[in-house]
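Subject: Structure for your review

Dear colleague,

Please find the structure below, together with its sequence. My notes on what was found follow it.

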There are 2 protein chains.
Amino acid sequence: MSRLGGLCPDSAGIPVGHGLCESFLENVTSPERPRPRLSASHAQSVGSDRADRTLADHSTKQALQAAPMKLYGHYISLTTLQVMALLAEKRSSAELALVDVFAGEQKLAAHLARHPFGYIPVLEDGGFTLYETHAILRYLDSRLPGPSHLPTDVHERARMDQWLCIEQNYLLPAAKKVMAREYAKMMKLADPGLALVEEGERELRVVIGEFADWIANRTYVAGDALSLADLCWLADLYKMSALPQMEAIFAGARVEAWWKPLTERTEWKRAVAELASYGPKSPSPP
Amino acid sequence: MSRLGGLCPDSAGIPVGHGLCESFLENVTSPERPRPRLSASHAQSVGSDRADRTLADHSTKQALQAAPMKLYGHYISLTTLQVMALLAEKRSSAELALVDVFAGEQKLAAHLARHPFGYIPVLEDGGFTLYETHAILRYLDSRLPGPSHLPTDVHERARMDQWLCIEQNYLLPAAKKVMAREYAKMMKLADPGLALVEEGERELRVVIGEFADWIANRTYVAGDALSLADLCWLADLYKMSALPQMEAIFAGARVEAWWKPLTERTEWKRAVAELASYGPKSPSPP
């Protein structure tokens, strides 16, 4: 049923790329890619206009009334997707305030006042402004009602923390290198050369291989429930899987048994659809 | 009294450098720098031979008997210092197993079995092996007795998490660039050029400036007690402050009012002295 299952879901249609809030450089891919063609159920769940871009169910609306939040991000950003995915798990939502990373808005004064290093996402929760994705995820997990996404067992929580660190310290920097040329072209910067991309591909192979070894016989990254590490890795691999050069890297990485059921979760589908709804207009769903 | 107070403590004597476990490259500085000349009280606190390199007080010995731990690290590594500093705060300790980063041991099979990306530190706690510094810090904070170093208030904890992310995503990558030439020389790699070092210096100025603005009127990074973020930033700035090119950057950064009392803590002095005791022999203390 779902068009999101499988290792490289919607690889022809998903707008690919990310805003790497965790580095001095930012990598985004071409904005010209078409928006994913959502299934009818996805389209229904996100509303049809900007003013009503919240999850449509009643409990979510109640949560929003209690906690109006604003997320500065972008529909191409994998870290924005991470936050949206957690919000959906928490049956909450936030208004997405688009920071036009293609126009470099993340480096302008208005955004630097929110995030002095010039990245997305940034969360505004009443008078409280927070940047850095992992800090935002941990904050929302504590602050919002519903089950926590941090394992209670000290060893399982440590393993979750380790995979969050690996995501930040190895996966995203390698991905940044892989996308360096595309980013430079888009931003009219000097071509950083093929060697950097190849270095990134080698590094990605190592880190995704390590993750595949770890996740091979597990349902979740740590413990017996979905944690922040699952959401981060899922969003990253989901966005990255549609990159042409990722196909060979993912082909050998046995992550599908973990990946498939997670991408079939209602909450995940909602997060993906809601984020995509901020993207460029697409043909009407069938 | 203390030789550790001040913005650039012992800048002539501290062995400077770090093992950046949070990147694919590793930056260390020359091993030829002399070991710091410890004060008599420091020397007393760490014992005189490798077999007895634990904190000397009785409560620590008791904790060790209950929880023998091994930390794979290096005396030049700022992330190793972070872990040692938390262990000292918890009145605990671990045997430091030196990974000779100058000989590239962190990339050999024995260490890759512990840390597949080839960095330090790695913690062994009975049968539980954990890598990535922030994961180790969070684990030890939960696992060991004594007050937690995570704020209980959700907003204060979020702020701590944010500064931990900034340390990992901006401070350490910038420091790595600053030290890139020295590292390349030591490892007999191609000179990465002055431009990279200058880029790192610009980035360091931004991130340390942001930190200085934040910490200017605060005793601690988040809340009203020492947190993991204080220990990380303290260890980083302490190790980095002795680099010649850091002097100008630190000169304008008003971090001393936060820094000075923290470096005067008994626990901090113990951690610094214990780590240094694994370093090369130095002249006897006066």
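Is B:Y238 buried or exposed? B:Y238 is buried, because its relative accessible area is 2%, and a residue counts as buried when that value is under 20%. Please bear in mind that this is a predicted model.

**Aromatic pairs**

Over all chains, the count of aromatic pairs comes to 22. In one of them, the ring centres of B:Y238 and B:W268 are 5.2 Å apart and the ring planes stand at 85°, so this pair is edge-to-face; planes over 60 degrees apart count as such. B:Y238 belongs to helix α9 (residues 228-240) of chain B, while B:W268 belongs to helix α12 (residues 266-276) of chain B, so the pair ties together parts that are 30 residues apart in sequence. B:W268 is also buried, with a relative accessible area of 1%.

In chain A, ring pairs join A:W163, A:F211, A:W214, A:W233 and A:W258 into a cluster.

**Charges over rings**

A:W214 also has a charge over its ring: the charged end of A:R218 sits there, 3.4 Å from the ring centre. Likewise, the charged end of A:K107 sits over the ring of A:Y119, at 3.8 Å from the centre.

**Helix α9 of chain A**

This helix (residues 228-240) has 13 residues. From its first C-alpha to its last, helix α9 of chain A reaches 18 Å, close to the 18 Å expected at 1.5 Å a residue. The helix is mostly covered, as 13 of its 13 residues are buried.

Yours sincerely

Technical notes
Residues numbered from 1 in each chain as written. Chains lettered and ligands numbered in written order. Predicted model: local features only at pLDDT ≥ 70, side-chain atom pairs only at ≥ 80, totals over all residues. Heavy atoms only, no water. Phe/Tyr/Trp six-rings, centres within 6.5 Å; stacked < 30°, edge-to-face > 60°. Helix = DSSP H or I, 4+ residues; strand = E, 2+ residues; numbered from the N terminus. Buried < 20%, exposed > 50% of the residue type's maximum accessible area, 1.4 Å probe, protein only. Lys NZ or Arg CZ within 6 Å of the ring centre and 35° of its normal. Expected span 1.5 Å × (residues − 1).
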